[in-house]
Amino acid sequence: MAIETIGLTKTFVVPRGIGDLVRRRPAIAGITPVDGVDLSIGKGEVFGILGPNGAGKTTLIKILCTLILPTTGAARVNGFDLEKESGRVRESIGLVTTDERSFYWRLTGRQNLEFFASLHNFYSDDAKNMVDDLLGVVDLKYAADERFLNYSAGMKQRMAIARGLLNDPAVLFMDEPTRSLDPGAAQGLRDFIKGEIVRERGKTIFISTHNLEEAEELCDRIAIFDDGRIKVIGSPADLKASLGDASKLSDVFLHYTGKKFEERGGTSASGFRLNRRGFPHRGGGLGRRRGGV
Amino acid sequence: MKVGDIFATYRKALSFVRRSYMLQMSYKFEFFLRLFFMFFNILTYYFVAKLIGTAGMKYLAPYGGDYFSFVLIGIAFSGYLMVSLRGFSESVRDEQMMGTLEAMLVTPTDASAIITLSTLWNFIFASFRVLLYLLIGVLLGVSLAGANVIGALIILGLTIACFSSIGILSASFIMIFKRGDPINMLFMSTSELFGGVFFPITVLPAWLQTVSHLLPMTYSLNGMRHALLQGYSLRELAPEVGTLVLFSAILLPASLLAFRYAVRKAKMEGTLVHY
């Protein structure tokens with residue numbers, strides 16, 4: 001199994017001040033964004049977690065990336081225990097977030113990737129060659145020596161993917177990777193994920209999304225996630241079939257959560273010119289933009 | 001630690017220094033402005049020293065008798081305390097605010113290593129400033145002819161170990177409470193007054209000198225002045241070296257434990273990247 005969780009739960013308590021610590025005042029019960037999550041995700045699988053804002057998707061990903069400790073429950077990623085072998089877990093995973101602030105804006109794309117490569121214990125020529133390859137993979141070689149602050153939203157997102165692949169991870173976590181992209185760019189990125197990361201590299205992908213079409217297009221299986229709990233898991237086709245022939249994924253969501261799914265982000269890529277890697281051409285969408293952020 | 005690990009840490013350290021240097025050089029004007037205004041600082045004390053003349057001889061005799069030499073060493077090396085106290089907590093806070101901390105913490109590099117290596121550039125810059133201070137001091141008449149360089153380097157190493165421990169304790173507070181770090185405030189406010197930066201601690205009333213003796217800064221500056229200005233031998237520097245070793249032996253493990261606890265607590269509360 002690539003990822004396995006048993007009763008994974010996270011409860012955040014209300015942050016305490018120094019006075020409370022000194023007085024040893026007991027913690028106040030807070031919110032539980034991840035509540036008894038059981039998952040088994042196979043190697044090479046593209047697993048999607050679909051839920052509205054505040055459902056707890058990001059918290060779940062952060063727990064699996066060892067950035068947040070669970071309150072109860074256990075998990076193994078690539079066979080390593082999340083708490084006892086957190087270093088080994090981090091060696092075997094990559095994380096792609098939409099937070100463009102997670103790069104040094106005044107450094108170039110290449111300088112950023114070389115620095116993060118050193119955190120994965122790749123140095124000198126090894127790092128340079130690997131970074132060069134990855135810049136080619138995400139089609140950013142032409143802008144590698146420009147400052148990150150000059151990149152467009154799509155270019156920044158491609159940089160995030162390149163960084164996520166630096167250590168050639170067995171499992172790649174992607175937290176709403178198309179959130180800040182326009183419809184064409186989002187479609188280009190999805191094609192890239194399917195073609196390059198899944199087909200060519202055979203990675204296990206754990207992707208959180210807020211976009212029904214994205215979940216349907218990319219994922220082998222999806223989990224409908226709401227209020228910290230997994231409501232149902234299955235392939236998009238099976239989930240839809242379980243409700244009848246004409247059902248859509250939004251019906252599945254409504255059925256299991258009792259809530260209407262309010263989608264964010266567009267989906268259409270019609271009329272968009274794609275380059276050889278499935279990204280929109282440099283002239284638009286993910287393409288180069290000069291002067292300004 | 002294996003040789004391979006030491007080599008890997010060295011290369012990682014170089015990578016952090018390179019990153020910090022490139023970021024610093026992307027603000028060239030600020031960099032050169034900082035260097036430029038250093039000269040004014042030194043000149044101020046040079047003229048204050050001229051004004052004082054031999055008036056403070058009674059207190060300055062153990063350090064060679066010259067106020068400018070005394071204060072030059074004080075302001076130059078107290079910079080290390082400032083870097084240590086602020087550097088670690090500012091590294092945590094800067095990376096939190098820039099948004100890069102999380103991306104770094106999801107790599108196999110340990111959180112303690114990330115924070116420690118992030119401050120390396122600050123120490124290098126502080127060392128560069130010390131060298132400039134000393135160079136300008138020599139040009140203005142300070143004699144370092146009989147300096148015990150080995151002794152000074154030992155004192156410097158222990159000073160950095162000691163002050164860094166306090167800085168890591170300070171970073172631990174920032175990791176949990178985000179602001180309002182008492183360690184930083186306590187040492188920043190007391191060290192300049194009681195640590196003998198601007199005047200010998202013998203000027204203070206006896207009961208206040210007790211406070212001075214509790215601060216590593218006092219021993220660090222005493223040792224540094226004796227080594228650089230009077231060329232004390234290692235045997236003569238033993239009291240300062242011994243006290244700094246003691247401070248380091250207590251503070252370094254305590255600070256690393258505190259930082260590990262702080263990271264775990266922040267991970268538990270999910271506030272690792274909050275500021």
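A nonpolar core, as the term is used here, is a set of buried Ala, Val, Leu, Ile, Met, Phe, Trp, Tyr and Cys residues joined through C-beta atoms within 7 Å, and a residue is buried if 20 or more other C-beta atoms lie within 10 Å of its own, exposed if 12 or fewer, and partly exposed in between, with C-beta atoms placed from the backbone. The model is predicted, so that local features need pLDDT of at least 70 and side-chain atom pairs count only at pLDDT 80 or more, while totals for chains, interfaces and linings use all residues. Residues are numbered from 1 along each chain as its sequence is written, and chains are lettered from A and ligands numbered from 1 in the order in which they are written.

## The core and the domains

The largest nonpolar core has 146 residues, among which L64(A), L134(A), A162(A), F173(A), F206(A) and I73(B) touch the most other members. Helix α4 (residues 67-98) of chain B gives the largest share of this core, 14 residues; helices (H or I, at least four residues) and strands (E, at least two) are DSSP runs, numbered from the N terminus. Domain 1 (1-15 + 24-92 + 171-262 + 273-285) and domain 2 (95-168) of chain A both give residues to this core, so it lies between them; the domain bounds come from an automatic or database domain assignment.

Taken over C-alpha atoms, the centres of domain 1 and domain 2 of chain A are separated by 23 Å. In chain A, 18 residues of domain 1 are in contact with 11 residues of domain 2, where contact requires that the C-beta atoms of two residues, placed from the backbone, lie within 7 Å. On the side of domain 1 of chain A that touches domain 2 of chain A, β7(A) gives the most, with four residues.

## Strands of chain A

| Strands of chain A | Sense | Bridges |
|---|---|---|
| β1 (residues 3-12) and β4 (residues 72-77) | antiparallel | five |
| β4 and β5 (residues 80-81) | antiparallel | two |
| β6 (residues 93-96) and β7 (residues 171-175) | parallel | four |

I6(A) stands opposite A74(A) in β4(A), while V77(A) has F80(A) in β5(A) as its bridge partner. The hairpin of β4(A) and β5(A) has two residues between the strands, and in this hairpin N78(A) takes a positive phi near 55°. Strand β6(A) is covered on both faces, with I93(A) and L95(A) buried on one side and G94(A) and V96(A) buried on the other; the bridge partner of G94(A) in β7(A) is L172(A).

## Helix α5 of chain A

Helix α5 (residues 124-137) of chain A has 14 residues and reaches 20 Å from its first C-alpha to its last, close to the 20 Å expected at 1.5 Å a residue, the expected span being 1.5 Å times one less than the number of residues. Its buried residues include A127(A), M130(A), V131(A), L134(A) and L135(A). They cover an arc of only 135° around the axis, which puts them on the same side of α5(A), the arc being that of the directions from the helix axis to the C-beta atoms. D125(A), N129(A) and D133(A), on the other side of α5(A), are exposed. The buried residues of α5(A) are covered by elements including α4 (109-119) and α6 (153-164) of chain A.

Terms used:
Pairing = 2+ DSSP bridges.
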